[in-house]
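The briefing is written for reading beside the sequence and the coordinates.

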Amino acid sequence: MTPLPSGSVIGIVGGGQLGLMLGEAARALGYRVAALTDVADCPIAAVADELVVGAYTDRQTIGRLAALAGVVTVETETLPAATLEALAAEVELVPGAGIVLTTQDRAKQRRFTAGLGIAVPVHRIVASEEEVEAAGRELALPVVVKRATGGYDGRGQVWVADRAALVAAWRELGGGTCVIEERVDFACEFSVIVCRDRAGNLAFFDPIRNVHRNGILRISTAPAEIPADSAAVAREFAFRFAAGAGLVGIACLECYLLEDGGVLVNEVAARPHNSGHLTIEACATSQFEQLVRIVAGLPLGETTLREPATMLNLVSEIDEDALAALAAAYPGRAFVHRYGKAPRPGRKLGHVTVLGSNRVRPPEARPGCEIG
Ligand SMILES: Nc1ncnc2c1ncn2[C@@H]1O[C@H](COP(=O)(O)OP(=O)(O)O)[C@@H](O)[C@H]1O
Ligand SMILES: [Mg+2]
């Protein structure tokens, strides 16, 4: 494709922080941004040249975005199928609706990745009481029950240690399609990001190590310092996913590293990912710029990690004193990103990336705030 001329409009569906950072990257490359969101007061409003506010299911709202942008990407996968199909009928969607529909549903995603021969945790997909009971007999406890749709940051999941409590846990999650899986005793978690353009060219961000607490990502570090053989396996899984899905765009594979060096893929998101935020300052091209380049038909950028980095999420509330202490400890090397969101327990409000070390320890935050 001929590259989208500078000044053209790129459409983004969704108004969260991923859209904000995507919008920043688009503008830095000389593009304008039209965003479709269901709430006017949202992170992307800070960078969008045009904000289309309306329900994601509303045909007219979708039509307004399509009138502004010929090519559109999505920053959230929790979009109704009707929205994706309506969009795909009017604009070029990057990634395609099919991939978003597969990855937005944990059960479909699992079937798809496992079907490609990608190693995944031991699991069962269940949709009835009988299937839940069978899973309880077949799987080793404890297990985690995950709702197929709508979960994020550990929400929509329940851990169960007692077989007798399994059906109640499934009901608590709404009693619909769920993935029940065995606990993985991983050595660590890491992620890889794969990028694929329309011509099938591939790029890859090397593994980033991740630490979660209560299901929420807290700390990401690069280099991940995992065995080279394990990194190679993850890279092969990522390329297999990208090619198998016919991906145009970027996808993040959340992986578990096992004690024996084995790799399991926990989940895949076909969009920029929280663990990739450190690529903004630490890599030659960020995950956001890379997606914009793909959307705009520009050549893929260099993904090399220029220096070690640590990313700390700012959760629940932002502690300015702790951030100031961090800035003082790493002068000129701590880059704070604020998403402009109202504080709320468990909510990601921003992040800080520190360059020069993948061993930065989060500073003590006052109660109610969480750094890393
Ligand atoms: N089967 C499992 N074994 C061990 N830890 C798990 C398992 N499933 C989830 N977790 C932990 O919870 C985190 C969030 O779960 P995940 O399935 O990635 O859901 P989300 O969509 O909320 O990110 C994981 O990154 C991991 O730390
Ligand atoms: Mg996850």
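This is a predicted model: local features need pLDDT of at least 70, side-chain atom pairs count only at pLDDT 80 or more; totals for chains, interfaces and linings use all residues.

**The four-stranded sheet**

- Four strands form an open sheet in the order E6-E9-E7-E8, and their pairing is antiparallel.
- Strand E6 (123–126) and strand E8 (157–160) are the edge strands, each of them pairing on one side only, while the twist from one strand to the next averages 20°.
- Strand E7 (residues 143–147) runs antiparallel to strand E9 (residues 178–182), to which it is joined by five bridges, and in this pair Val-144 stands opposite Glu-181 of E9.
- Helix H6 (residues 129–138) lies across E6 and E9, and its direction is at about 170° to that of E6.

**Strand E17 and its partners**

- Strand E17 (residues 348–355) is largely enclosed by the rest of the structure, because six of its eight residues are buried.
- Strand E15 (residues 309–315) is joined to E17 by seven bridges in an antiparallel arrangement, with Leu-312 standing opposite Val-352 in E17.
- Strand E16 (residues 334–338) also pairs with E17 in the antiparallel sense, here over five bridges, and Phe-335 stands opposite Thr-353 in E17.

Terms used
Residues are numbered from 1 along each chain as its sequence is written. Chains are lettered from A and ligands numbered from 1 in the order in which they are written. A residue is buried if 20 or more other C-beta atoms lie within 10 Å of its own, exposed if 12 or fewer, and partly exposed in between; C-beta atoms are placed from the backbone. Helices (H or I, at least four residues) and strands (E, at least two) are DSSP runs, numbered from the N terminus. Two strands pair if DSSP finds at least two bridges between them. Axes are lines fitted to C-alpha atoms, for helices over the stretch in contact, and angles run from 0 to 180 degrees between N-to-C directions. Two residues are in contact if their C-beta atoms, placed from the backbone, lie within 7 Å.
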